[in-house]
Amino acid sequence: MAEPLLIMRHGEAGAGSPDACRELTARGLAEAARMGTWLAGREDLDLARLRLAASPYRRAQQTAERVGEALGVPVETLPCITPDDPPQAVVDWLLEQDDDRPLLLVSHMPLVGAFTGLLVEGRGDRGLGFPTAAVAELDAEVRAAGCARLRRFTSPADIT
């Protein structure tokens, strides 16, 4: 079985233009830090080997930076996970990667919902609705369309 795949939506962002430059609000920064602390406390994830990748958009980078600080891992920028990228392109990218490390992707709606739906249901039109800073955790024999199982879905509001 491949290592877990975690898919995270960025924290709450303010309005602005251009879209790629929108920044997290104070709440969004707090959401990202909260989720990072929660992930860092998890004993069931091999955090020492975790690979963390984020969309190049500012709000996703800010979210990943907060999570990476909590986990002690660097952030990679992954150009193919912006809001309007096709979910199948992300699956194609996944299939080219080694799956022997846990992977956390920080991206945007609608991509995170459609991508999760494609991996679990085999269809990108049946994705999950992701609150800001929510994390979907998937298990799969192969990180491909229709081959994953949703193991856990957690938003900042779920953490006490």
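Helices (H or I, at least four residues) and strands (E, at least two) are DSSP runs, numbered from the N terminus. With that naming in hand, welcome to this structure. It is a predicted model, in which local features need pLDDT of at least 70, side-chain atom pairs count only at pLDDT 80 or more, and totals for chains, interfaces and linings use all residues. Residues are numbered from 1 along each chain as its sequence is written, and side-chain values use heavy atoms, with hydrogens and water left out.

**The loop between α4 and β5**

Let us begin with alanine 133, which is found in the loop between α4 and β5. Its phi is near 65°, a positive value in a residue other than glycine. For context, most residues other than glycine have a negative phi, and most peptide bonds are trans. Is alanine 133 buried or exposed? Alanine 133 counts as buried, because its relative accessibility is 0%; buried means under 20% relative accessible area, exposed over 50%, and partly exposed in between, using a 1.4 Å probe and protein chains only.

Phenylalanine 130 lies in the loop between α4 (111-121) and β5 (135-140). Phenylalanine 130 is buried too, at a relative accessible area of 3%.

**An aromatic pair**

A search of the whole structure finds one aromatic pair. Rings of Phe, Tyr and Trp (its six-membered ring) pair if their centres lie within 6.5 Å; planes under 30 degrees apart count as stacked, over 60 as edge-to-face and the rest as tilted. Here the partners are phenylalanine 130 and phenylalanine 153, edge-to-face at 5.1 Å centre to centre with 80° between the planes. Phenylalanine 153 sits in strand β6 (residues 148-154), so the pair ties together parts that are 23 residues apart in sequence. Phenylalanine 153 is partly exposed, with a relative accessible area of 30%.

**Cysteines**

How many disulfides are there? A disulfide is a pair of cysteine sulfur atoms within 2.5 Å, and by this rule the count comes to zero. For cysteine 21, the nearest cysteine sulfur is that of cysteine 80, 20 Å away. Cysteine 147 is in no disulfide either, and its nearest cysteine sulfur, that of cysteine 80, is 18 Å away. Cysteine 147 is partly exposed, at a relative accessible area of 40%.
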